[in-house]
Amino acid sequence: MNKPTDEADHAHQGTLVWDGWLRLFHWTLAAAVGVCVYTGLFGGFEAMDWHQWGGFTVLALVLFRLLWGMAGPATARFSDFLRGPGTVLAYLRALGPGQAPQRRGHNPLGGWAVVLILLVVGLQGVTGLFTTDDLFVEGPLYDLASDGWARLANQIHGLGPWTVGGVVGLHLLALAVHRGVFKERLLGAMVSGRRPEHTGEDVQRRPLLGGGLMVLAAGVVWAVLTYLP
Ligand code: HEM
C-alpha cells in the first residue's frame, strides 16, 4: 500500500497519462516537422541537408510510434484509442460547452487524429526519399524509383504545405477548442505526462523497452538509407 504522503503527492500531481517515451516522441516529432516545414518553405538549397535530416528523423519517429502503439503502455496503444464510428458519434453527441467525456488517454475522435497525423507526416517522409528538384537535390532513394513513382512521389511531397500544414493546423485548433470550450488543459499533460483531474493508476513507464524500440526504429531507417541506395 502507498504511504499517505505518496497518496497526497499523487492526488496533487494527478495521474501519469503519457509515458516519457511518448512525450519524447511527440516533442521531437513536432521539432523535426517544424525544421522540415521551415527549411522546405524558406530554407533554399543550403538548408536541404537539414530538411533531409529532419525527414529521416520523422521517419524513425513514426516507425517508433507504430511499434509503441503495439507494445507501449495502455494510453499509447492503438487498441486503447481506435474505436468504431458508433463510439466516435456517441462521443461527439456527448460534447457540450464545458463538458467533454473524461478519458485517461486519447478520446475516440482524437485517436483517429493520431492515425491521420502519423499517416500524413509518414507519407511526407517516405515520398521525400524519392523526390528531386530536378536541379541540385535528390532524395537518397531517387535512383531506385521508376519514372512514374518518382513523379507521383514528387507530386505528393509537393502537397506537403497543405497536407502537413493542414493536419498540424487542425491539431492545434482542436487543442484550442479543448482549452477554450471544454476547459481541458491538455498541453500541460503532454509536457509533464500528468493530468491533475485524474485520480486513477499511472500508466506503466517501460523505459528499457521504449529505449530499445527507439534504437531499433533509428537503426531500421539508417539501414535502409545505407544499404538500399
Ligand atoms: C508539427 C507539429 C506537431 C505534430 C506533428 C504533432 C503530433 C501529435 C501526435 C501524433 C499526437 C498524438 C500523441 C500520440 O499518441 O502519439 C499529438 C498529441 C498532442 N499534441 Fe501534438 N503535434 C505537434 C505540435 C504540437 C504543439 C505545438 C502542441 C502544443 C501547443 C501540441 C500538443 C499536443 C497535445 C496536448 C497532445 C495530446 C492530445 C490529447 O490529450 O489527446 N502538439 N500531437
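Arg206 is partly exposed, because 18 other C-beta atoms lie within 10 Å. A residue counts as buried if 20 or more other C-beta atoms lie within 10 Å of its own, as exposed if 12 or fewer do, and as partly exposed in between, with C-beta atoms placed from the backbone. This is a predicted model: local features need pLDDT of at least 70, side-chain atom pairs count only at pLDDT 80 or more, and totals for chains, interfaces and linings use all residues. Residues are numbered from 1 along each chain as its sequence is written.

**Overall layout**

- The protein has 10 helices and 2 strands.
- Helices (H or I, at least four residues) and strands (E, at least two) are DSSP runs, numbered from the N terminus.
- Starting at the N terminus, the elements follow the order α-β-α-α-α-α-α-α-α-α-β-α.
- The C-alpha trace spans about 65 × 40 × 30 Å along its principal axes.
- Of the 229 residues in the protein, 25% are buried.
- Take the contacts between residues at least 6 apart in sequence: 73% of them join residues at least 24 apart.
- Two residues are in contact if their C-beta atoms, placed from the backbone, lie within 7 Å.

**Around the ligand**

- The ligand is surrounded by 19 residues, and the closest are Ala30, Val33, Ile117, Leu186 and Met190.
- A residue is near a molecule or strand if its C-beta atom, placed from the backbone, lies within 6 Å of it.
- At least two residues of this shell come from each of H2 (20–43), H6 (108–129), H8 (160–180) and H9 (186–192).
- H2 gives the most, with 6 residues.
- By type, the shell holds 13 nonpolar, 5 polar and 1 charged residue.
- Here Ala, Val, Leu, Ile, Met, Phe, Trp, Tyr, Cys and Pro count as nonpolar, Asp, Glu, Lys and Arg as charged, and the others, Gly among them, as polar.

**Helix H10**

- H10 covers residues 207–227; its 21 residues should span 30 Å at 1.5 Å a residue, and its end C-alpha atoms are 30 Å apart, which agrees.
- The expected span of a helix is 1.5 Å times one less than its number of residues.
- Gly210, Leu213, Met214, Ala217 and Val221 are buried in H10.
- Seen down the axis of H10, these buried residues fall within an arc of 105°, so they line one face of the helix.
- The arc is that of the directions from the helix axis to the C-beta atoms.
- The buried residues of H10 pack against H2 and H3 (48–71).
- Exposed residues sit on the other side of H10, including Leu208, Val215 and Trp222.

**Nonpolar cores**

- A nonpolar core is a set of buried Ala, Val, Leu, Ile, Met, Phe, Trp, Tyr and Cys residues joined through C-beta atoms within 7 Å.
- The largest core has 27 residues, and Val58, Leu61 and Phe64 have the most contacts inside it.
- H2, H3 and H10 are the elements that give two or more residues to this core.
- H3 gives the most to this core, with 8 residues.
- Beyond its neighbours within four places in sequence, Leu61 is in contact with Phe25, Thr28, Leu29 and Ala32.
- A second, separate core has 5 residues, among them Leu129, Ala145, Ala150 and Ala153.

**Helix H7**

- H7 has 12 residues and reaches 16 Å from its first C-alpha to its last, close to the 16 Å expected at 1.5 Å a residue.
- Ala150, Ala153 and His157 are the buried residues of H7.
- Seen down the axis of H7, its buried residues fall within an arc of 65°, so they line one face of the helix.
- H6 and H8 are among the elements that cover the buried residues of H7.
- The face of H7 turned away from its buried side carries the exposed residues Asp147, Gly148, Arg151 and Gln155.

**Residues to find in the model**

- Arg206 is in the loop between strand E2 (194–195) and H10.
- Phi of Arg206 is near 45°, a positive value in a residue other than glycine.
- Asp134 is in the loop between H6 and H7 (147–158).
- Asp134 is not a glycine, yet it has a positive phi of about 65°.
- Asp134 is exposed, because 8 other C-beta atoms lie within 10 Å.
- Leu24 lies in H2.
- Leu24 counts as partly exposed, because it has 15 C-beta neighbours inside 10 Å.
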